[in-house]
Amino acid sequence: MQQKLNTFSGIVFAVYVWTCALAFCAIAGLLLYSVVSAGVTQVNWAFLTQEPIDSGRDGGIAPIILSTVLIIGVCLLATVPLGVGTAIFLADRISGKSKLAIGIRTALDVLGGVPSIIFGLFGNAFFCIALGMGYSILSGGLTLACMVLPIFVRVAESAIRNVAVDHYRAAMALALSKWTTTFRVILPRAIPGLLAALTLGIARALAETAALIFTSGYVTRFPESLNDSGRSLSVHIYDLALNVTGGNDRAFATASVLVILLLLINVVTHFVTRKLLRQS
Amino acid sequence: MKQKTNCDHHPSARWSKSSKVVVKFWLLLCPLIFAGLLVATGCSVGEFSGSTSKPSPGSEPSGRLTLTGSSTIAPLVQEIATRFEEEHSHVRVDVQTGGSSRGIRDAKKGVADIGMSSRDLKPKESRELNPTVIAWDGVAFVTHGDNPVTEISKEHLKQIYLGRIKNWSEIGGADERIIVSNRAAGRSELDLVCKFLEIEAGDIQADIIDGETQQSLKSVINNRKAISYTSIGAAQDAASRGEPLKLLSLNGVEASSASIESGKYPLARPLILTVRKRGLNAGQAKLVKAFLKFATDKGVADVATGLGFVPDQGTLMVAESK
Amino acid sequence: MISAVTRDAALAFLLRSLALASAGIICLICLFVARESWLALDSTGTVNPADTVGSVNADGEPFQLSNLVNDDGWNPDGQQFNLLPMIVGSLLATFGSALLAGPLGIGVAVFLNYYAPKKIGWAVRRLVEIMAGVPSVVYGLWGLSVLVPMIASLSPIEQGQSLLAGILILTFMTIPTVVVASDAAIQAVPANQIHAAAALGLGRRATVWSIVLPAARFGLVSAIILQFARAIGETMAVLMVCGNIVKMPNSIFAPIRTLTSNIALEMGYADNHHRSILFLSGLVGLVIVSVLMLAANTFSKTQRLST
């Protein structure tokens, strides 16, 4: 009887899990298909290498791709050290349970719930005006860093927290110093999880629009330095889709490029993760 | 702390001692973290606004112009700016968006050299700012292409927007509910329509409120029962691309760019650039003047036409910075 | 050579500092939002009774904080600023999407780790990560042209822009976050526990249900919290599919406006008092999120201590 019940609940659970997966794939497939089918026909070498002409309805998106890469770069440069440090602190078996840690965790969760437009206005007031960076790739990247941090820390924390149980005890038994435990024992084993956090962070950063309109700006020229304003792919899509008359097709073309870019980043991260896993 | 192992097993004991000091320390230094990151990325701090006119060779204008404001005008000005840069290789024009009010604020505060606005200046604002009209846009009432109604009167519109006419059959359409789409507070289209229909924005009974132009178009394209109002240029363009969309004639006047040009169409709004009356330094003022002249020149009229706007005929005031 | 003790102390200091700096960002943002909403707060008279810089409402009375819940509606031109319908709208849309995206996302994560054939799992993971990076404006456009007409054909009030559309779009947008976060948590469950389960002859369902999910609970709670935060902060897509009418929704087909889309809709076109009230509504939103998050973290802490 018990056995039958087990088999039955096993089947129900399997059906549920498969349904979830199929539902997700159906939605994702539908959405990506409608974006890519509307846009991919216009993506060609010229589109990738030219500057936008006629408000983006003609020409290409080369400077926009460059700006996007730079913005993401600045964002990661700020997020990774800050985020990994915070995650180690929060995941620590002693400091992570303190009142301070709960406070920090809550603060980060609240940060995650701040509307992107508030990030944009804040970034504009703080980075652009107060710190004098102006509309620039730098202020855009740093604003994005504030935005990505909560996601990055949460995922990184759970990666570090779960990896370390046995290793942490072993390190304690060996009387290893905190420094050694952190850098030689915990971090190397958390790398796959950290990469997952990074991928999610990059994805979030690539998807962001409202925070960037007010910080990295709207300029479609090739950026000459990090102090120049540069338009990101998502801002370009937003502008073409909502402000430029007849920009819809190009908006979908740009979205297709974004999807392809995301695919590339993911596949690369995946293989890096696998290589690292094999090594360790 | 003689024994190293002691510290490793109970780091919390040591950490909590320094805790309060550390908290205070960092609460003060938090803003500096970002400055530190800035240095880490190895970059010098840039100049925010465009007040960096260098001495120019000859009379050729040079320097950097910053424009902020209305997202409706931004694509137009961005394109004009690109052409301006082609003619004056020492000038960089940065166009940023963020809404009409932002443009006016930034121009007033001097954060931007020129503000872009799709609404007229309020009396208080025009004390400090000079407007220059660069183009005109109309507001058309639109319905789905399959809707049999082709024409509408001011009185009917008023009743529809006040929620008194609720069915298309009352004004000669099919027996279907009217889904009324309105625009968000502060948009110049809303102000214009309220003034025209002589109603208060707060009395409008809407089913949908849209933000940007293309959003209001999509509300109508995707629902056969909807009525909305939006930029004539954008609506004409969408209709000409085969979208199921119809521009309603208003009081017998066709809603088209031609009607705005001839001055017959009642719902027109100016697209303006605003400049501070005082406070620009001489070099910057010269650059701004050159740009305004360029933007109102007949040579760039095709840009406005291309985006569905009506270029200004030059009959309206062109600001002279005095 | 630096001694291990100094090095450890330095590391402890560094980590604590980084953690505090991360937390400091939200303080800066709160300060900024408070400063921008000062005009509205100031004109309440609670801060400075003599000052009437702010506007007066339709009845000629100065703005009070209680106006945010007592006014007749939201009409900035008529100085009516009732936030209540938008707070309710935000919470309904967010909780609705959490109810859908949580179980669905965790289901997909379990699928990826315990049910999926290897190649399918690989493909689905890539799909998830791509979906996480699709800009919200694309979700919004898709929602407006596919989802909204679909709902319109079902809706008793014949329009698609509704609470339901908002919940669904938020669900689609946030599932990837839930999947990636809970996938990381499930993968991190120590292999020896699973081997032990296998040795005991537990089936797949029993292993997942009674070993993996409990062991990964911190990560799963994280995933839900991330989802919630993401959903409540989302602006652009919600703005495009919800209809943005400021009214208490009376059914799932009724249009709503969320706090965030209100800010996005009106901020660029607001000045003085109106602008300041919009920031104040942002502050209200932050307070609501803080209370919810504090509750969630305290709850998950007691959970952890009790097990």
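A: Contact here means heavy atoms within 4.5 Å. The model is predicted. Take the interface of chain C and chain A. Chain C brings 84 residues to the contact, and chain A brings 89 residues. The area buried between chain C and chain A is about 7,900 Å². Carbon and sulfur atoms give 80% of that area. Helix α1 of chain C, residues 4-36, supplies the largest share of the side that touches chain A, namely 19 residues. Sorted by class, that side of chain C has 60 nonpolar residues, 14 polar and 10 charged.

What about specific polar links? Salt bridges between chain C and chain A number 0. Polar contact does occur between these chains: the count is 10 residue pairs, both partners at pLDDT 80 or more.

Now look inside chain C. Helix α4 (residues 84-115) and helix α10 (residues 217-233) of chain C have axes that come within 9 Å. The axes cross at roughly 145°. The crossing of α4(C) and α10(C) is right-handed. On the α4(C) side, the residues that meet α10(C) include C:Leu91, C:Phe95, C:Ala98 and C:Ile106. C:Gly102 in α4(C) is also part of this contact. From α10(C) come, among them, C:Leu220, C:Ile224, C:Phe228 and C:Ile232. By class, the contact of α4(C) with α10(C) has 10 nonpolar and 4 polar residues, and no charged ones.

Chain A also touches chain B. There, 49 residues of chain A are in contact with 45 residues of chain B. The buried area between chain A and chain B is about 4,200 Å², and carbon and sulfur atoms give 58% of it. In chain A, the residues that lose the most area to chain B are A:Tyr135, A:Tyr218 and A:Arg221. Together they account for 16% of what that side buries.

Salt bridges between chain A and chain B number 5. A:Asp228 forms a salt bridge with B:Arg92, with the closest N and O atoms 3.5 Å apart. Four helices of chain A, α3 (62-91), α5 (116-130), α6 (137-163) and α10 (233-242), each supply at least two residues of the side that touches chain B. The largest share, 6 residues, comes from α5(A). By class, this side of chain A has 27 nonpolar, 14 polar and 8 charged residues.

Key:
Residues numbered from 1 in each chain as written. Chains lettered and ligands numbered in written order. Predicted model: local features only at pLDDT ≥ 70, side-chain atom pairs only at ≥ 80, totals over all residues. Heavy atoms only, no water. Buried area = accessible area lost by both parts, 1.4 Å probe. Salt bridge = Lys/Arg side-chain N within 4 Å of Asp/Glu carboxyl O. Polar contact = N/O pair within 3.5 Å; in protein donor to acceptor, adjacent residues only side chain to side chain. Nonpolar A, V, L, I, M, F, W, Y, C, P; charged D, E, K, R; others polar. Axes fitted to C-alpha atoms, helices over the stretch in contact; angles between N-to-C directions. Left-handed = near helix turned anticlockwise from the far one by under 90°.
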